[in-house]
Amino acid sequence: MRLDRGSTRLQLRQGWGGMPAEIQTGWREMMQSATPERHAEIQAKLQTLSPDEKMRYRRDLVEAYLKSKPAKQ
């Protein structure tokens, strides 16, 4: 599947450029299941990071979340 240029630009602006769909979906699941305190903690941390650091931080959080999530059977 190929994204159009507008979608690609939007993803880059939002800090998701080059991130696999699995990571993006995992991020949404993780943030929706996070407590309000954890959500605020993550958002505060993201505000202090550069764009590259944000991508790494998001990926690390999502990968840890996906590993801790029970496997679908």
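Helices (H or I, at least four residues) and strands (E, at least two) are DSSP runs, numbered from the N terminus. Everything below describes a predicted model, in which local features need pLDDT of at least 70 and side-chain atom pairs count only at pLDDT 80 or more, while totals for chains, interfaces and linings use all residues. Residues are numbered from 1 along each chain as its sequence is written, and side-chain values use heavy atoms, with hydrogens and water left out.

**View 1. The whole protein, an all-in-one starting point.** Four helices and zero strands make up the inventory here, giving the pattern α-α-α-α along the sequence. Of the 73 residues, 26% are buried, where buried means under 20% relative accessible area, exposed means over 50%, and partly exposed lies in between (1.4 Å probe, protein chains only). The accessible surface is about 5700 Å², with 52% of that area belonging to carbon and sulfur atoms; such areas come from the Shrake-Rupley method with a 1.4 Å probe, and for residues only the protein chains shown count as cover. Among contacts (heavy atoms within 4.5 Å) with a separation of 6 or more, residues 24 or more positions apart account for 55%.

**View 2. Glu22 in helix 2.** Look for Glu22 in helix 2. The residue counts as exposed because its relative accessibility is 58%. Glu22 and Leu66 are 44 residues apart in sequence, yet their C-alpha atoms are 9.5 Å apart in space.

**View 3. Lys69 and Glu29, a salt bridge across the sequence.** A salt bridge is a side-chain nitrogen of Lys or Arg within 4 Å of a carboxyl oxygen of Asp or Glu, and the whole structure holds three of them. In this one, the closest N and O atoms of Lys69 and Glu29 are 2.6 Å apart. Glu29 sits in helix 2 (residues 21-33) and Lys69 in the segment after helix 4 (51-68), so the pair ties together parts that are 40 residues apart in sequence. Both partners are partly exposed: Lys69 has a relative accessibility of 28%, and Glu29 has 29%.

View 4. Arg38 and Glu41 are three residues apart in helix 3 (residues 36-47), so about one helical turn separates them. Arg38 is partly exposed at a relative accessible area of 30%, and Glu41 is partly exposed at 46%.

View 5. The closest N and O atoms of Arg59 and Glu63 are 3.5 Å apart. Both residues lie in helix 4, four residues apart, which is about one turn of the helix. Arg59 is partly exposed, with a relative accessible area of 29%; Glu63 is partly exposed too, at 32%.

**View 6. Charges over aromatic rings.** A charge sits over a ring if NZ of Lys or CZ of Arg is within 6 Å of the ring centre and within 35 degrees of the ring normal. Zoom in on Arg58, which lies over the face of Trp27 at 5.4 Å from the ring centre. Then move to Lys45, found over the face of Tyr57 at 5.9 Å from the ring centre.
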